[in-house]
Amino acid sequence: MYHGVPYNKIVEAWLGEKKVEPGDRHHTSLILADHLRYITDNDPVLIEKILRQTPFVKDIVEERNEDVAQTVKSAQGYEFLRGIPKRMKQALDKVLASDSSTALGMTNGSSSRLSEAHGEISGDEKRFLDSARNDNSAGEDIYASLPLDKWAEELQEMAKHYPCMKELFANVHPHKLAAVWFSSAALFGTLMTRAWYHFWYEPELIRRLNYCIFIIGDPGAGKNIVEKFYKKIADPMIQADQCLIDAVNRYKEGRTERTTSTKAQKAEALKRPVVPIRVHPARTATGEFIRHMNAAIETVQGQPLNLHMFSFDAELDNVTKQNKGGDWKDREILELKAFHNEEDGQMYANQESVTGMFNVFWNFIYTGTPYALHRKVNQRNFGTGMSTRLAVIPLPDKGLAKRHQQVDPDANEALKTWAYRLDRVEGEIPIDQLNDETYDWQSSHMEIAEFNGDKADRTLLKRIPYYGIGISLPFILMRHWDEWQESRSLTMDEMDKRLCRLAMEIQYKCQQFYFGEMAFNYFADQNKEFVQRRRSTRYDECFRKLPDEFKTQQFMDVFGCSQPTAWKTINRFVSEGIVEKAKYGLYRKLVKELP
């Protein structure tokens, strides 16, 4: 039963009066299995049971032993949409209109009845139902398609085993835990900038902990929670930058004095300080950013290593606005290249700019509204690849403000202690177990995408393993801190693998939620754009008219050419493998159409 209505009635309404003809039955069963996911809690066992009771499916099972379980499994691989598909919604409305006893239950989930009588619903009842439908759609939670409760349950369980999680999740609504986890992991991981690992794809490369995090919520949803943790966790970077910022300000003041003071003009020339300032606001000149990034190099275990720049902004719109002009141009190119630390460079004529090549090391966390996200990533610029580099995590507007919140006096100290510990981590971190986990997870999901011929899904899956490692690793390192300190090893268990899987599942679902439709449309438009219309020329038509075996005279007659031209063309066809010489004066076509 679904809201008091038997599933077989809903299936009958879904099928309608038209009979499912042979040749369409498997395809129809696949679509039905897909649509049933939305009214069965996505339960494959229940879906298979309903299919097996459907008449046309019974027929193909009896005729050819149809593998219904495989049909359901294939449907499970389809993208899960935000709402019920149109055809299933129409079937539900049809059943609703034909049975007044289930009408209210279908619209708002209540078990109460509108009327005891069966038959046509009255005009008053219909107006009430239409009103209920409108009210329900207006208040529909767009995040309802995301398994926020499941993620919250998992994360609350993980908080019992991993340091800092309990402190991070205190007084936070369960549906906001994923956003807090991803943003805090990016902060902790940025502090681990002196560490690296080797990934299963191109294992000879040194990989760094790179993060591009957007936390997206409605106005007033409580995005300030990310800023609160930023100030606490990023404290080692902020404090280290302060004396460097002071040095730059003194240099600027000295240059100003040279223009106003005769005595200052006679002093020694000022030398620009080389400062590896790492925290950069949205309002930063590109030249300054590159200068600081090139200066932020430390020798770690005998080799020079770039430290990550870091940016946080509570308003994503501010970031987008600063990119439109002024000193912070071409920000998006740097954002794109930061995820894999790709090479960039500049060679400008002005004397102030840095000349040369450099690799981009930059992590950023921004919070903003859905509209701000749309201005940053939309259908027009989807092809840049920014969407697959981003971890966009929702921050639903849930929970009531609490006047008397429970305050843990030791929480801030715990976060600060771990922040300064991770800021001293350096060297290679062994992640063999995480490599195995991410490879298996991606391979299984890629197989489904390949089976479905889903290019959009393949695209969204490509970079998810990096976040599986990047989001889970800081907490795994904290959990095994004593072992790491003693032997520079991490003996991971099933709990650690589970944490990594959870990060990938959250990232995957959020990618589908925010960018799934864009990815689908991108490839649909691309296929339309690049479909080549085959032009049939007179030359092609003449070749088609030739018999499969022809003589030179026949070639001359069909093509209307002289004998020398015919010999020359036939010899070229022979050399190109288009025709072959059957015997003297007789040729055989090897292809039906000219290539």
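Predicted model: local features only at pLDDT ≥ 70, side-chain atom pairs only at ≥ 80, totals over all residues.
Q: Which side chain meets Glu 332 in a salt bridge?
A: Side chains of opposite charge can pair when their charged atoms come close. Here the N to O distance is 4.0 Å. The partner of Glu 332 is Lys 376.

Q: How many residues apart in sequence are the parts that Glu 332 and Lys 376 tie together?
A: Glu 332 lies in helix H17 (residues 331–338). Lys 376 lies in helix H18, so the pair ties together parts whose separation in sequence is 44 residues.

Q: Is Lys 376 buried or exposed?
A: The cut-off for buried is under 20% relative accessible area. Lys 376 has 4%, so this residue is buried.

Q: Which helix holds Arg 375, the salt-bridge partner of Asp 317?
A: The closest N and O atoms of Asp 317 and Arg 375 are 2.8 Å apart. Asp 317 lies in helix H16 (residues 316–323), and the pair ties together parts 58 residues apart in sequence. Arg 375 is partly exposed, at 45%. Its helix, residues 370–376, is H18.

Q: Which strand holds Glu 549, the partner of Arg 588?
A: The side chains of Arg 588 and Glu 549 meet in a salt bridge at 3.1 Å, N to O. Arg 588 sits in strand E13 (residues 586–589), 39 residues apart from Glu 549. The strand of Glu 549, residues 549–551, is E11.

Q: How many salt bridges does the structure hold?
A: Some share partners, and these join Arg 194, Glu 298 and Asp 423 into one network. The structure's total is 28.

Note on methods. Residues numbered from 1 in each chain as written. Heavy atoms only, no water. Helix = DSSP H or I, 4+ residues; strand = E, 2+ residues; numbered from the N terminus. Buried < 20%, exposed > 50% of the residue type's maximum accessible area, 1.4 Å probe, protein only.
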